[in-house]
Amino acid sequence: MEFFCYHRDRVGSGVLRGALVEEHWSYMDRYDDELIARGPTFGSDGETVSGSVHIVELPDPAAARAFAFDEPNYQAGVYRDVLLRRWRNLLGRTMWEFPGGRTGGRRYLVVGLGPVQDGGGGGGGLPGGGERDGLIAFGPLLSDDGSVWVGTAALVRAEGPEAARAVLAPVRYADVEVHEWEFGGRR
């Protein structure tokens, strides 16, 4: 089973986060073979880390909760909250297999949460056309049992935040978040 985990940083936790970098990486090294994507998000200044994305394959929801909540930064209080959802890898690859590589262009995390209530929801399928070329990771967010679609999460290379947001344009969401993101890890 694949899971999307987004730890959002608590305001002012940057010093603590910096002190725990090696512990965080060592913890993630234990999941090296299971990771589909990972990396930090950034605040509006483009420099301050605002969270951490991890897309990981684990045996079940209990293992995913352990992964998310045993993480050293979470245990130490770096994060204010955690979005943890089942996810389906519609591209069938890891971020390291993205044809565009680790560098070049701007990268974003785009999360569409919950469908609007006027029938505009449902979906989470791949966008068409040229928007697909910039997809690093893409898939629906699902309930724990995988039966209910609750949103979509994507990592994309795009010209800017509005272009990144456009990958979710075919579906109307209750809320869409766009965060600057970069490839993470030691690979």
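The paragraphs below treat the nonpolar cores and then the pairing of strands. The model is a predicted one.

**The cores**

The largest nonpolar core has 19 residues. Phe-4, Val-53, Ile-55, Trp-87, Leu-109, Leu-155 and Trp-181 are those with the most contacts inside it. Two or more residues of this core come from each of the strands S1 (2–9), S2 (35–42), S3 (49–57), S4 (79–87), S5 (106–115), S6 (135–142) and S7 (149–158). The strand that gives the most to this core is S6, with 3 residues.

Leu-155 illustrates the packing. When neighbours within four places in sequence are left aside, the residues in contact with Leu-155 include Ala-37, Val-53, Ile-55, Tyr-108, Leu-109 and Trp-181. Gly-134, Leu-135, Ile-136 and Ala-137 are also among the contacts of Leu-155.

Why is S7 described as largely enclosed by the rest of the structure? The reason is that 8 of the 10 residues of S7 are buried.

| Strands joined | Bridges | Direction |
|---|---|---|
| S5 and S7 | 8 bridges | antiparallel |
| S6 and S7 | 7 bridges | antiparallel |

Individual residues show these pairings in detail. Gly-112 stands opposite Thr-152 in S7, and Leu-135 has Val-156 in S7 as its bridge partner. S6 and S7 form a hairpin, with 6 residues between the two strands. In the turn, Gly-146 has a positive phi of about 80°.

Technical notes:
Residues numbered from 1 in each chain as written. Predicted model: local features only at pLDDT ≥ 70, side-chain atom pairs only at ≥ 80, totals over all residues. Heavy atoms only, no water. Core = buried A, V, L, I, M, F, W, Y, C linked by side-chain atoms within 4.5 Å. Buried < 20%, exposed > 50% of the residue type's maximum accessible area, 1.4 Å probe, protein only. Helix = DSSP H or I, 4+ residues; strand = E, 2+ residues; numbered from the N terminus. Contact = heavy atoms within 4.5 Å. Pairing = 2+ DSSP bridges.
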